[in-house]
Amino acid sequence: MAAGGALPVVDLAPFFNEDDGGRGGVVRATEAVREACRTHGFFRAVNHGVPAEVMSRALELSAAFFALPDDEKARARPAEGTVAPLPAGYARQPAHSADKHEYVLVFDPKLGFNEYPAEPAGFREAVEECYAKFTELGLLVQEVLNECMGLPPGFLRDYNGDRGFDFMSAMRYFPATEEENNGLSAHEDGNCITFVLQDGVGGLEVLKDGEWVPAEPVDGSIIVNIGDVIQVLSNNKLKSATHQVVRKPVHRHSLAFFFNVHGDKWIEPLPGVRVQ
């Protein structure tokens, strides 16, 4: 694990290429994830298996969607009577909200919940391809966390095998004003794992030892953080960190993928968790 910006950087290449350090490389990468999750709750993943062109196209087309007039964006609003865990489709924070952003929320396409905009062309395909790659990455990171906690092989995979509650949000944050710059209030994620892909504007910050640490944009990387579920399961040995988004003078675009557990799943500290 090397320093890159202010967040730990973890190279996931050994999990994809047996020639990249062999078993020793996997062990070192796992140790890097463990240390990052123990100290920061966040890390920057590189060589993570999600093609750069897939990420850039999803960001580019989501930005093109948000640039459309409001009445056109509204055509992708959630359907009435949806049975999805959260309303899928386009929405924006209410005017009175402290958070200032708009978003398109999507679930696993196989579930049939999603409401896609007609424009720009290719939006659906780009989002679904990115969603599939983030799902694969979530399964991998879950296995790594399983090892980090010293759990029996496949424990988290069996415990959390239902992907029906995962979702991804494409977001646009509005420019800051002279009066305020809050984009997303300070919070911890209530899920297992979150992946954040952001454009070059920046604004994501992580609370570490009482100081706000910027998660600076780096092309091709993905910001990874663990949520409350992993913190609880690890008996607080791994950290669900407080974070926020501070708005900049220009629009900020990002994608956030939430690797969740089923809403009815019982969550409690696991006995015998070993995190050094």
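Contact here means heavy atoms within 4.5 Å. By that criterion, F134 touches V50, M168, F195, L197, I222 and F257, leaving aside neighbours within four places in sequence. The model is predicted, so local features need pLDDT of at least 70 and side-chain atom pairs count only at pLDDT 80 or more, while totals for chains, interfaces and linings use all residues. Residues are numbered from 1 along each chain as its sequence is written, and side-chain values use heavy atoms, without hydrogens and water.

**Nonpolar cores**
- A nonpolar core is a set of buried Ala, Val, Leu, Ile, Met, Phe, Trp, Tyr and Cys residues joined through side-chain atoms within 4.5 Å, where buried means under 20% relative accessible area (1.4 Å probe, protein chains only).
- The largest such core has 57 residues, and V33, F134, L145 and F195 touch the most other members.
- Helix α4 (residues 123-148) supplies the largest share of this core, 12 residues; helices are DSSP runs of H or I, at least four residues, numbered from the N terminus.
- Another core, of 20 residues, lies apart from it and includes M171, V196, L204 and F258.

**Helix packing**
- The axes of α1 (residues 22-39) and α4 come within 9 Å and cross at roughly 80°, with axes being lines fitted to C-alpha atoms over the stretch in contact and angles running from 0 to 180 degrees between N-to-C directions.
- Helix α1 is therefore roughly perpendicular to α4, a label for angles of 65 to 115 degrees.
- T30, V33, R34 and C37 of α1 meet V144, L145, E147 and C148 of α4.

Key
Buried means under 20% relative accessible area, exposed over 50%, partly exposed in between (1.4 Å probe, protein chains only). Helices (H or I, at least four residues) and strands (E, at least two) are DSSP runs, numbered from the N terminus. Angles under 35 degrees count as roughly parallel, over 145 as roughly antiparallel, 65 to 115 as roughly perpendicular and the rest as oblique.
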